[in-house]
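Biologist: I would like a close look at a single part of this model. Please keep to one chain and to what surrounds it.

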Amino acid sequence: MMRFMDKKTFQEIGLREILDWVPTQTDYGKELKSKLVPYGTSQVQALRRSFEELRKFRKGLKSSDYFLWNLKGYLSEIKDIKGSLERVMKNEVLNEVEFFEIKNQIMVMEELRDFFMQHPEVALEKFALASVAPLIRALDPDKSRVKTFYIYDSYSEALWNIREEKRTIDGKIMEADKKLRREIYETTGLKPKLNNEILVPKEKKEAIASLKESRLVFFLSETFKSYVFKVSPTEEMKDLREKMQNLKIREEEEEYGIRVKLSQRVRDFNDEIQKNIQILGELDFSIGKILLGDEIHGVEPRIVKDPYIKIREGRHSLVEQRLRKEGKAYIPIDVTLEKGVTLITGANMGGKTITLKLIALITSMAQLGLYVPAREATIGPVSFIYFSSGDEQSQEKGLSTFGGEIYHLKKITDEKKEHGLVLIDELARGTNPKEGYAISRGVIEHFTTLEGISVVTTHFDGLSGIKDLRHLQVVGLRNMDPDKLKKELELAGQGIGVLEKYMDYRLEERDPEEEVPKEAIMIARLMGLREDILSRAEEIMEIENHEPPRSKENKEGE
Amino acid sequence: MGFVDLIYGKYRIVSVVGMGKNAGKTVVLNKIIEEAYERYISLGLTSIGRDGEREDLVTKTDKPVIHVMEGTIVATAQDILLNSDARLEILEVTDYRTTMGPVVICRVKENGLVELAGPGNNEEIREVAKKMLIYGADIVVVDGAINRKTSASPGVTEATILATGAVVSRSMDRVIEETAYQIELFGLRAVQEEKVRSFAKEVIQESCVGIVDQGDGVRKLPLKTALSAGRIIGSALTENSRYIIFSGSLVKKTIEDLIAVTPYYKEVKFVVQDGTKIFIPREDWIRFKKRGVQIQTLEPLHVLAVSINPYAPQGYEFPALEFLRKMKNALGLPVIDVMLEGDDFHDALYG
């Protein structure tokens, strides 16, 4: 991803947030998403195939109300077992919990495999899971088909025998214990407690005497009011307990041997499980892509060769969501970009910045194989995307706005052969208008020699005249009657809402020679800036209009 | 009458809480296990874990070691289960983490000893208990603790068995008073106002201290606990303050410091999660009440029975029958002497 776009662009155009919107249920899907790489300029066929597959899967998924629910059910059982697989490949021996988790997961894999067999509508070729049935049999020796795990008696005859013997001895110990307690009761008239202690008040001299004489108990301690005796186990019981201890040790050794063998079995199936894990991730992420598409009302872009971008009714999903929350409608944008330079001019607050972000977002989403927020989109993959917001502040390098912009420009202008998409918002606005204009002109002229697509927004006059340049202009307030606007503003009393209401964010193809529209003073007036300042500004404009072109507006204007 | 008679058919999830070490909590657990085994009642067992402690501390603290019977459902930490004496079938590995690995739900395949180390917060305990019911337990018993170090509370269970005994004091009357006091704390009035309840949950979740003012929201004070913060909280009170919510435990010193710096505390209700979070000696509690301190809880604990142990490990003991009779009279609750009845159960089991 970093070669395709830098972190700042990734963040600023909203792609980072959009990827957060792709829901994933499993660690495998999450991992796939985090390692997502865009299809490059030479991978047009692969990108098309990816969309074809997604289309087929989507169609299948939507053909039943239950499919999504079913698949999500399987995925909800998936936990990350890669750690255990790594251990097993290092010849380590797994523990019971790990076997439990592997057993669970491979049973889900097998269930999913059956599900795909029964429902070819959703069974993409790439979802063909490998069979792990023999491993399931190894982990479910009693064929109980239950997703629990235990080192079952049936794993080895030795284990079965040990456990049988344990049960017999356990019974014998209970029997001997019972007998001993009965004997103590019969000879002393006292009953030992659960912890095998007998407490006798000191005044019961007779009982104490009989206890002291008895070989069945021994004196343990003395308290303020009583004596404490304890049952002394018989030789038989000691013997049985020792046997029990030995059996437990043998049982553990036997269990260990079984775990070694089972770990080996898991190892034999490593390839199949790894392949299936990959598929689970793909499945999870594919569902995520479809759900994202639904969320943003996205469409499948048409993919063409060579850098080309045509967006009909494109929307920037993050802005759209914000507006929707505020109860406002989003005005979609149409834009077509070909190799070469496109200049966008237009009113302040005319949404030029959002338009640039939208172009970058839709192009990158298409190249990531995601549905795009538009009515229609045709995208020819680019080799990189660069977006400059014109207010670069490179804190750690100590560069100013201008310095930051130039720092990045330097890198971009060196990549002549690349089919990149370069989007620059208000080129060179961070310096004085005269030099800013000159640098812009130089940069744009250089851009016309590049192989990729460049889009530059500007307030500078005279740039649109450069040869081989397309000029798009924000419709803005051009078609509005200023008097009507003013009246509306007086009624509303507050400028921004009315401006947003009447601002036409769409782009129109203009004559290359056409001047940058002069709407800043009007907008300032609509927003209620002091009239004396505005009339003075108009006076200055009168004079300036007789002089050579330069920046018309205050550079901090937008 | 045994514990299971008191529980079965009335409650599905109960906790056992001991008044200090050696009060007989583990004996109660073991007795419930035996009674249930006898009556073919399937049990689910877990404990409230201690969150936020380092592993060496956790492994040192005494978790109840109990002898479990075949068929019992147990929820305990992975590392403990892998080293347990009882043979366990793994039913589910939950997402609830402890310092000893995730909490795993198992079924006992062969009798043996097992340690209980369950999840450390209420939500998780509730979920684990529900899961154990689904796996077939008729009753779930949660080993609870009166412990300052856990955010979890026995309040998640439907009813509580309080284990007390001679260990609490050398004076029998004193033991009875202390036990009655503990039950009074458990049964403190619950906060009624829905809004305050939801603030309280928020504050407890964020483990801070919150002040609710009349007509306003909740002001959260950036104190981790209120252990030595009485003065800061006191200074933050105004005449409009109505509730102070304590996320951790409420100790004597906090109240003392607090009422020393502000006159507004009389209008304020002190809110804690439940009665196990109050650490105020009984004499001080009486004094505070007289001075107008009011404490309420988010979750009152319903004590269904009290178990007593007339023997103290320090070497003294109470006359068992007198202790039992006096305790019953004082509390008006079912009281069971775990040592006395031990014999009867023994007869039933082995006799």
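Biologist: How many helices and strands does chain A have?

Modeller: Chain A has 20 helices and 13 strands, taken as DSSP runs numbered from the N terminus (helices H or I, at least four residues; strands E, at least two). The model is predicted: local features need pLDDT of at least 70 and side-chain atom pairs pLDDT 80 or more, while totals for chains, interfaces and linings use all residues. Residues are numbered from 1 along each chain as its sequence is written, with chains lettered from A and ligands numbered from 1 in the order in which they are written.

Chain A is more spread out than a compact globule, because its radius of gyration is 39 Å, well over the 24 Å that the globule rule gives for 558 residues. That radius is taken over C-alpha atoms, and the rule is 2.2 Å times the number of residues to the power 0.38. Of the 558 residues, 36% count as buried, with 20 or more other C-beta atoms within 10 Å of their own, C-beta atoms being placed from the backbone.

The contact with chain B takes 19 residues from chain A and 17 from chain B, two residues being in contact if their C-beta atoms lie within 7 Å. On the chain A side, α7 (96–118) and α9 (157–188) are the elements that give two or more residues.

α7(A) also gives the most, nine residues, to the largest nonpolar core, which has 143 residues. Such a core is a set of buried Ala, Val, Leu, Ile, Met, Phe, Trp, Tyr and Cys residues joined through C-beta atoms within 7 Å. A second, separate core of 71 residues includes A:Ile311, A:Val341, A:Tyr437 and A:Ile523.

Conventions:
A residue is buried if 20 or more other C-beta atoms lie within 10 Å of its own, exposed if 12 or fewer, and partly exposed in between; C-beta atoms are placed from the backbone.
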